[in-house]
Amino acid sequence: VLAGAQLFTSDCLMVMAWASKRLSLGRAMRVWATVWAGNFVGSIALAFLLFMAGNYLSGKGEVGATALLFASYKASLPAGKAFFMGIMCNVLVSLAAYLALAGRSLTDKVLGIVFPISAFIAAGFEHCVANMFFIPYGLLIKFGASEAFWATEAGQRVAALNIPLDQFAINMAAVTFGNWVGGGLLVGAFYWLIYIRPRIMSNVKV
């Protein structure tokens with residue numbers, strides 16, 4: 001929002017532009033697919049950089065153990081739960097992006113963003129782009145961590161954790177669709193119906 005980058009979950013608000021006939025559905029879907037893929041590549045790159053930097057060894061291995069615990073939990077979520085937690089997440093994320101659009105200064109935008117984002121993180125809802133980072137990072141630790149990590153008390157505590165790759169793929173699909181429903185329908189479409197559609201209809205000549 002502040003630096004002009006593209007995030008799949010906030011781009012779900014493009015439903016408003018499509019509903020106003022300013023954007024074709026095909027164009028919107030191409031943008032969503034491109035941004036989703038770009039977010040995935042960027043998330044994996046960040047996970048790889050942190051892993052190569054040995055970040056998982058910080059705090060006597062507690063950082064790596066927590067990351068592995070997160071990855072195992074997120075990859076193992078049942079699809080139904082992941083879907084609905086994805087909806088709740090992107091209601092808040094898209095609301096943050098929507099509020100930021102009303103800001104005129106950097107301070108306005110930050111204050112608009114911080115509370116909804118903090119709420120989604122504190123509640124533990126599912127964000128597909130966050131999962132693109134956490135689960136690959138956990139996989140890197142699981143299969144590539146040094147002996148020094150597994151020798152720590154934290155490493156030994158999580159050594160038996162599993163990250164099911166097949167469930168990860170299902171999880172990503174469910175969370176992505178849930179994020180789209182939350183941002184595109186429950187925020188974008190609702191705001192369009194409340195504020196934009198009446199203005200469009202008032203300009204229609206009968």
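**Surface features and pockets of the predicted model**

Leu 2 is found in the segment before α1, where helices (H or I, at least four residues) are DSSP runs numbered from the N terminus. The model is a predicted one, in which local features need pLDDT of at least 70 and side-chain atom pairs count only at pLDDT 80 or more, while totals for chains, interfaces and linings use all residues. Residues are numbered from 1 along each chain as its sequence is written, and side-chain values use heavy atoms, with hydrogens and water left out.

Leu 2 counts as partly exposed because its relative accessibility is 48%; buried means under 20% relative accessible area, exposed over 50%, and partly exposed in between (1.4 Å probe, protein chains only). Leu 2 also belongs to a nonpolar surface patch with Val 1, Leu 106, Val 110, Leu 111, Val 114 and Phe 115, which together have about 670 Å² of accessible area. Such a patch joins nonpolar side chains within 5 Å, from residues with over 30% relative accessible area and no salt bridge (a side-chain nitrogen of Lys or Arg within 4 Å of a carboxyl oxygen of Asp or Glu). Accessible areas come from the Shrake-Rupley method with a 1.4 Å probe.

Ala 119 is placed in helix α6 and, at 34% relative accessibility, is likewise partly exposed. A distance of 37 Å separates the C-alpha atoms of Ala 119 and Glu 147, which are 28 residues apart along the chain.

The largest pocket has a volume of about 550 Å³. Of its 22 lining residues, Ser 10, Asp 11, Leu 13, Ala 97 and Leu 101 are the closest to its centre. A pocket is an open set of points on a 1 Å grid over the protein atoms alone, where a 1.4 Å probe fits, with protein on both sides within 12 Å along at least five of seven lines; lining residues have an atom within 4 Å of a point. The volume is the space filled by probe spheres set on the points. Helix α5 provides the largest share of this lining, 6 residues. By class, the lining comprises 17 nonpolar, 3 polar and 2 charged residues.

The second largest pocket has a volume of about 390 Å³. Its lining consists of 15 residues, with Phe 120, Ile 121, His 127, Ala 130 and Phe 134 nearest the centre. Two or more lining residues come from each of α4 (62-75), α6 and α7 (128-144).

Lys 21, in the loop between α2 and α3 (25-52), has a positive phi near 65 degrees and is exposed, with a relative accessible area of 78%.

Key. Nonpolar A, V, L, I, M, F, W, Y, C, P; charged D, E, K, R; others polar. Patch = residues over 30% accessible without salt bridge, like charges linked within 9 Å, V, L, I, M, F, W, Y side chains within 5 Å.
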